[in-house]
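Hi there,

Here is the structure I promised to pass on to you.

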Amino acid sequence: MNDRDARERSQRRARLMSDVQRGDSNAYAALLNDIGPIVLTFLRRRVRSREEAEDLYQDVFYALHRARHTYEPLRPLEPWLFAIARHVLADHEQRRQTRAAREVLVEDPPAPAVEGDGYAKRQLEQALGRMPPNQREAFELLKLDGLSIERAAVRAGTTEGALKVRAHRAYKTLRHLL
């Protein structure tokens, strides 16, 4: 690709992002389709596994969506986009290092859980069935699926703060039901 093609592609992306800021969903789809491969390539060169890169890929687009109002339409999109991607990577690396610092190596792995008669499981299932759907979803994403607040919020289509409130209410409801 020559410099002219690169400039035209960059200008096209800037126009698409400007249209995104005005609420054009077709422009949003076109922009994500256009920048998706370069973002994924950027991430794959910087992380250990393909799965990790794909998780970060979604995190980058979520961050882009949250920060879309900060883009200045007269500037090239790519520096702004890759600043977001670098920030997501830095956050990911910091969380990874924090988790690694907390991990404790043990000589013998813990014994597997003993299967009970299922009474507690049935009680939990019944209690979950009586909970409001958004509380049940928060509990299931965080406690049963083991997702982080960030990932659970994305999956639930809400903010981290709202998910924390739902989870807190879910725990309170469960204590009452159990």
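**The largest pocket**

The largest pocket holds about 520 Å³ of space. A pocket here is an open set of points on a 1 Å grid over the protein atoms alone, where a 1.4 Å probe fits, with protein on both sides within 12 Å along at least five of seven lines; lining residues have an atom within 4 Å of a point. The volume is the space filled by probe spheres set on the points, which are joined across faces, edges and corners.

Before going on: this is a predicted model, in which local features need pLDDT of at least 70 and side-chain atom pairs count only at pLDDT 80 or more, while totals for chains, interfaces and linings use all residues. Residues are numbered from 1 along each chain as its sequence is written, and side-chain values use heavy atoms, with hydrogens and water left out.

Which residues lie nearest the centre of the largest pocket? They are Asp59, Asp91, His92, Arg95 and Glu150, out of 20 lining residues. Helix α4 gives the most to this lining, nine residues, and α3, α4 and α7 (149-156) each supply at least two. Helices are DSSP runs (H or I, at least four residues), numbered from the N terminus.

**The cores**

The largest nonpolar core has 28 residues, and Met17, Leu31, Ile35, Leu43, Leu77 and Trp80 touch the most other members. Such a core is a set of buried Ala, Val, Leu, Ile, Met, Phe, Trp, Tyr and Cys residues joined through side-chain atoms within 4.5 Å. Buried means under 20% relative accessible area, exposed over 50%, and partly exposed in between (1.4 Å probe, protein chains only). At least two core residues come from each of α1 (3-21), α2 (25-44), α3 (50-67) and α4 (77-102), with the largest share, eight residues, from α4. Apart from this core lies another, of nine residues, including Ala138 and Leu163.

Pro133, by contrast, is in helix α6 (residues 133-144) and counts as exposed because its relative accessibility is 58%.

Enjoy exploring!
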